[in-house]
Amino acid sequence: MTNVVVIGSQWGDEGKGKIVDWLSERADIVVRFQGGHNAGHTLVIDGTSYKLSLLPSGVVRPGKMAVIGNGVVIDPHALCAEIDKLEKQGVTITPDNLRIADNATLILSLHRELDGIREDAAASTNGGVKIGTTRRGIGPAYEDKVGRRAIRVMDLADLETLSAKVERLLTHHNALRRGLGETEISHDAIMQELTSVADRVLPFRDTVWLMLDRERRAGSRILFEGAQGSLLDIDHGTYPFVTSSNTVAGQAAAGSGMGPGSLGYILGITKAYTTRVGEGPFPTELTDEIGQFLGERGREFGTVTGRKRRCGWFDAALVRQSVATNGITGIALTKLDVLDGLDELKICVGYTLDGEEIDHLPASQGQQARVVPRYITLEGWKESTVGARKWADLPAQAIKYVRQVEELIGAPVALLSTSPERDDTILVTDPFED
Ligand code: IMP
């Protein structure tokens, strides 16, 4: 028995929700370790649909402990709104089933506002870099964390320290706002914002690293729920078109306070083709009718912002990179059924850059924009793979496609998901038992 880390191996939206839900039934504790309410997925349990952004998936399952680790940035208003919404649906959320790290960073309304101001300015400025963020304040909050001026959960319990910290935060933000031509924010306004949410947030706070250590020693099964995807990682992604946290599996340790030796099985959720929301390089993007087909068949619209996702062929070179940077043990391949009916399928195996063949995406922004994918072409299949629950249910060409993916990325398929339904899954390896 082991713990399991679930991460996305592409640009997010790989279908983590269904797999995390499936695994959370087998886990005792579900931990978020990075990102914030920029994530989003829908869980359907016994016919009821629950939308989660910030809370770990385990929260909707009775008897599970959900944990928000120190690596997460928490918008307290979004947190309260999500709790209220779930409670209206009959889910009980108390400190018995939700704990929040006392050393996690808070997102304030000034972060959300700054995120929007910057995106708007970048869009209208010649040479500005529009990232296409979710405008939730994620980036500005992480900047303050690294700048050592963030307000953290435990600060809400100590008004004297809080006041001095707000002062320090505003010295920075008001200078920035003056430069941007925005009105300054008063100390009172921030103090009021924070004290208005303190009573709701504080009951959930805990020394999470200590609690996880105790649970690990007691033999609890811990599931780490990653958000976004490895190619959006602040270090390993397509910088600067990335999110502001480390999304790779190693962050499960730093973002929760558990040692890397306890992480266990690293499950990389991998879509059978590629999608991306927001700006940035996407070598295998299809702007033709096949891209349109994938978007429509795959219902590729963002859960958080409703934006249309860009679609393209499977990029094995990028996923091979994710297998390495995450230490992926096995993958869960999702949405294979979206490829049903296509005459032929392409898989990117590497790139050509300025006339030279390379096998990985270079780190340079300019080079990333210039790479041309090198493809292999496979025959498609006409039969439906929707709902397949064993290999024998799959057409031979679909199996060939899956085997080719495994070979090219250098990792085995542990699970194959063939529809949004929980049970439409071919299980090769149970990550908790591996
Ligand atoms: P931010 O995380 O809001 O700062 O956005 C930075 C980039 O990450 C943008 O391209 C977003 O579209 C992308 N992003 C953030 N969260 C997600 C997600 O959950 N799925 C897919 N893309 C995301």
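Q: Over how many bridges do β15 and strand β19 (residues 413-417) pair?
A: This is a predicted model, where local features need pLDDT of at least 70, side-chain atom pairs count only at pLDDT 80 or more, and totals for chains, interfaces and linings use all residues. Residues are numbered from 1 along each chain as its sequence is written, and side-chain values use heavy atoms, leaving out hydrogens and water. Strands (E, at least two residues) and helices (H or I, at least four) are DSSP runs numbered from the N terminus, and two strands pair if DSSP finds at least two bridges between them. β15 and β19 run in the parallel sense, and their bridges number three.

Q: Which residue of β19 stands opposite Ala 332?
A: Ala 332 belongs to one side of β15. Its opposite number in β19 is Leu 415.

Q: Which residue in β15 is the bridge partner of Thr 270?
A: Strand β11 (residues 265-271) also pairs with β15, in the parallel sense over five bridges. In β15, the partner of Thr 270 is Leu 333.

Q: How much of the ligand's exposed area does the protein bury?
A: Polar contacts are pairs of N or O atoms within 3.5 Å. An oxygen atom of the ligand is 2.6 Å from a side-chain N or O atom of Thr 243, and a backbone N or O atom of Val 277 lies 3.2 Å from a ligand oxygen atom. Alone, the ligand exposes 470 Å² (Shrake-Rupley method, 1.4 Å probe). The protein buries 95%.

Q: What is the relative accessible area of Asp 354?
A: Most residues other than glycine have a negative phi. Asp 354 has a positive phi of about 50 degrees. Asp 354 sits in the loop between β16 (344-353) and β17 (356-358). Asp 354 counts as exposed because its relative accessible area is 56%.

Notes: Buried < 20%, exposed > 50% of the residue type's maximum accessible area, 1.4 Å probe, protein only. Polar contact = N/O pair within 3.5 Å; in protein donor to acceptor, adjacent residues only side chain to side chain.
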